[in-house]
Amino acid sequence: MALIQSKYAKGTEALCYPSTAGEVVAIRFSHQLAANPAVGDILELACIPSNCRVAEIIADSDDLDSNGVPTIAFDVGIMSGTFGEENQARTCGNEFFAGSTIAQNGVAARPLTKGAYRTSSANNDRSIGVKFTAAAATFVAGQIGLTVFLVSE
């Protein structure tokens, strides 16, 4: 497994935060994939700032698999460890998406499970990761993104 860090996780792109309790801020996080991620690779894509929770999340992707029978799939969830931590042992949950196939044909999706809307806040910055559960049969470089609506508590 490899940990791929976005410009946000590397600290080279500024993040915005809700400034008052109950305020919602929408942030679009994106990453350009230049190589086919292997099964188990995790892309640390987005941040949930301390004392915030996810109110809504939308995943979008280019068509990253041009094979007649595309195979690429991924989970999206909260990662272990601290946001931006370079540790290959970090894990990724599937609170938001499990086995998503949107990268097979380049579309967007919202979560369909109630658990995605019931995440809680924490007193530390956390990461949202994309864990690849199946590699592309015929990889095509492209972008994967998350629009995250954060609310402060």
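Threonine 119 counts as buried in this predicted model, because its relative accessibility is 10%, which falls under the 20% limit for that label. The residue is placed in the loop between strand 7 (108–109) and strand 8, and, leaving aside residues up to four places away in sequence, threonine 119 touches Arg53, Val54, Ile78 and Phe96.

**Methionine 79**
- Methionine 79 lies in the loop that runs between strand 5 and strand 6 (97–100), and at 4% relative accessibility methionine 79 counts as buried.
- When residues up to four places away in sequence are not counted, methionine 79 touches Leu3, Ile42, Glu44, Arg90, Thr91, Cys92, Ser127, Ile128 and Gly129.
- Leucine 112 is 33 residues from methionine 79 along the chain, and the C-alpha atoms of these two residues are separated by 20 Å.

**Nonpolar core**
- The largest nonpolar core has 34 residues, and those with the most contacts inside it are Ile57, Val76, Phe96, Ile128, Leu146 and Val148.
- At least two residues of this core are supplied by each of strand 2 (24–33), strand 3 (42–48), strand 4 (52–61), strand 5 (73–78), strand 8 (126–134) and strand 9 (142–152), while the largest share, five residues, comes from strand 3.
- In soluble globular proteins, nonpolar side chains tend to be buried together.

- An open sheet is formed by four strands in the order 2-9-4-7, with antiparallel pairing.
- Strand 2 and strand 7 stand at the edges and have a single partner strand each, so one side of each is left without a neighbour in the sheet.
- Strand 4 and strand 7 run antiparallel and are joined by two bridges, and aspartate 60 stands opposite alanine 108 in strand 7.

**Aromatic pairs**
- The structure holds two aromatic pairs; in one of them, the rings of tyrosine 8 and phenylalanine 29 have their centres 4.9 Å apart and their planes at 80°, so this pair is edge-to-face.
- Because tyrosine 8 lies in the loop between strand 1 (3–5) and strand 2, and phenylalanine 29 in strand 2, the pair ties together parts that are 21 residues apart in sequence.
- Tyrosine 8 is buried, with a relative accessible area of 7%, and phenylalanine 29 counts as buried at 0% relative accessibility.
- Phenylalanine 74 and phenylalanine 132 also form an edge-to-face pair, at 6.0 Å centre to centre and with 70° between the planes.
- This pair links distant parts of the chain, with phenylalanine 74 in strand 5 and phenylalanine 132 in strand 8, 58 residues apart.
- Phenylalanine 74 counts as buried at 1% relative accessibility, and phenylalanine 132 is buried with a relative accessible area of 1%.

Note on methods. Residues numbered from 1 in each chain as written. Heavy atoms only, no water. Core = buried A, V, L, I, M, F, W, Y, C linked by side-chain atoms within 4.5 Å. Buried < 20%, exposed > 50% of the residue type's maximum accessible area, 1.4 Å probe, protein only. Contact = heavy atoms within 4.5 Å. Pairing = 2+ DSSP bridges. Phe/Tyr/Trp six-rings, centres within 6.5 Å; stacked < 30°, edge-to-face > 60°.
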